[in-house]
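Reader: I would like a close look at one part of this model, the helical core and its surroundings. Please give the cut-offs as you go.

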Amino acid sequence: MIGDPDAAGNGKIDHNIVDNIVRGWKTTNMVENPSLRAPTGSEIADWVRDRIRAGRFVPGQRLVEVDIIRQTGASRSKVREALQRLEGEGLVQIEEFRGASVKNASLEEVRQIYRARVALEGICAGDFARQATPEQKERLCAVQDALDRCVEDRAPERFGRLNVEWHRLIVEGSGNSVIADLLQRLNVPIHRLLFESFYDDERLRTANADHQNMVKLLLAGDADASEQAMRRHIEDGFVTLSKIESEFYR
C-alpha cells in the first residue's frame, strides 16, 4: 500500500543511501582529491528526488543527514538546504527531534484528494472553455504539442512534468483564484513521481488521447462537455494510480 514504510520496489527498505554518486561526484574521490567541487543543495535535492522516484526511498522512510553526507560528500548545510527545498515541494516532511522523512500519504487520502480534484478541475475546465483568452489557448496548444512529442519519444518523466503544466494552464485560464489556491494545497507530489516513473507506452497514449480530446472541446468553447471530460480524466487518473501502486510495491 502507498505509505507503507516497510515496502519498496524490491520488497526491502533501503535504510541507508547505497550509492556514492551525485551528478558525477564520489565520496572516495572527494577524500582523495579535496579540490573536487562538492554538490550544491539543488544537486543534492535532485539526487534525493531521483531515489524517491525510483523507489529507493519510500514513503515514511527517514532521511538521515549523516548518511547523505557520507555518500555524497556534501556539507551538512547543503544537505539541510536540500531537505528544506524538498519539504517545500511536498516530498519531504521535517519534524522537530525526528528529522526528515519521505512524506507519507495513504491511498485513501489520495482517493479523497482526487475526488476533490474531480469537482474543482471540472469547474475550471468549463470556465476555461467559456472565458480563456486567445493567448491562454495558444499556450495550452503549445504544451499539448509537447505532450504529443513525449508520446512519440517515449519520455514518461517529461510527460509527467508537462502534464502538471497542462493542468495548471487550464486552472489559470479559468480565472478562478480561489480554486487555484485550493488545488495547490491538494498537491500530492510523491504520487506524481510514481506516475512519472510508471507511465508505460499504453498509459502515455491513453492519457494523451484524453488531453487531445479535451483541448478540442476547450478550444471549441464547449463548457459542459469540457467539464465532464475533465471529471472523467481525473477519475481515470486515480484508477491508474491505484494500479501503479500495486506495481510499485509488489
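Author: What follows starts with the core, moves to its helices and rings, and ends with the sheet and the cysteines.

This is a predicted model: local features need pLDDT of at least 70, side-chain atom pairs count only at pLDDT 80 or more, and totals for chains, interfaces and linings use all residues. Residues are numbered from 1 along each chain as its sequence is written, and side-chain values use heavy atoms, with hydrogens and water left out.

First, the core. A nonpolar core is a set of buried Ala, Val, Leu, Ile, Met, Phe, Trp, Tyr and Cys residues joined through side-chain atoms within 4.5 Å. Buried means under 20% relative accessible area, exposed means over 50%, and partly exposed lies in between (1.4 Å probe, protein chains only). The largest nonpolar core holds 31 residues. L140, W166, I170, L218 and M230 have the most contacts inside it. At least two residues of this core come from each of α5, α6 (134-153), α7, α10 (201-220) and α11. The top contributor is α5, with seven residues. Helices (H or I, at least four residues) and strands (E, at least two) are DSSP runs, numbered from the N terminus.

Now helix α7, residues 156-174. The expected span of a helix is 1.5 Å times one less than its number of residues. The 19 residues of α7 should therefore span 27 Å, and the end C-alpha atoms are 27 Å apart, which agrees. Buried residues in α7 include F159, L162, W166, L169 and I170. G160, N163, H167 and S174 are also buried there. After α7 comes G175, with a positive phi near 75°.

A146 sits in helix α6. A146 is buried, at 12% relative accessible area.

Then the rings. Rings of Phe, Tyr and Trp (its six-membered ring) pair if their centres lie within 6.5 Å; planes under 30 degrees apart count as stacked, over 60 as edge-to-face and the rest as tilted. There are two aromatic pairs by this rule. W47 and F57 pair edge-to-face, 6.3 Å centre to centre, with 70° between the planes. W47 lies in helix α2 (residues 41-53) and F57 in the loop between α2 and β3 (62-63), so the pair ties together parts ten residues apart in sequence. W47 is buried at 3% relative accessibility, and F57 is buried at 2%. Y114 and F238 form a tilted pair, 5.6 Å centre to centre, with 50° between the planes. Y114 lies in helix α5 (residues 107-131) and F238 in helix α11 (residues 223-248), so this pair ties together parts 124 residues apart in sequence. Both Y114 and F238 are buried.

Y114 also has a charge over its ring. The charged end of R117 sits 5.0 Å from the ring centre of Y114. The rule asks for NZ of Lys or CZ of Arg within 6 Å of the ring centre and within 35 degrees of the ring normal.

On to the sheet. Two strands pair if DSSP finds at least two bridges between them. Three strands form an open sheet in the order β3-β5-β4, with antiparallel pairing. β3 and β4 (92-95) stand at the edges with a single partner strand each, so one side of each lacks a neighbour in the sheet. β4 and β5 (residues 99-102) pair over four bridges.

Last, the cysteines. A disulfide is a pair of cysteine sulfur atoms within 2.5 Å. The count is zero disulfides. C141 is partly exposed at 26% relative accessible area, whereas C150 is buried at 0%.
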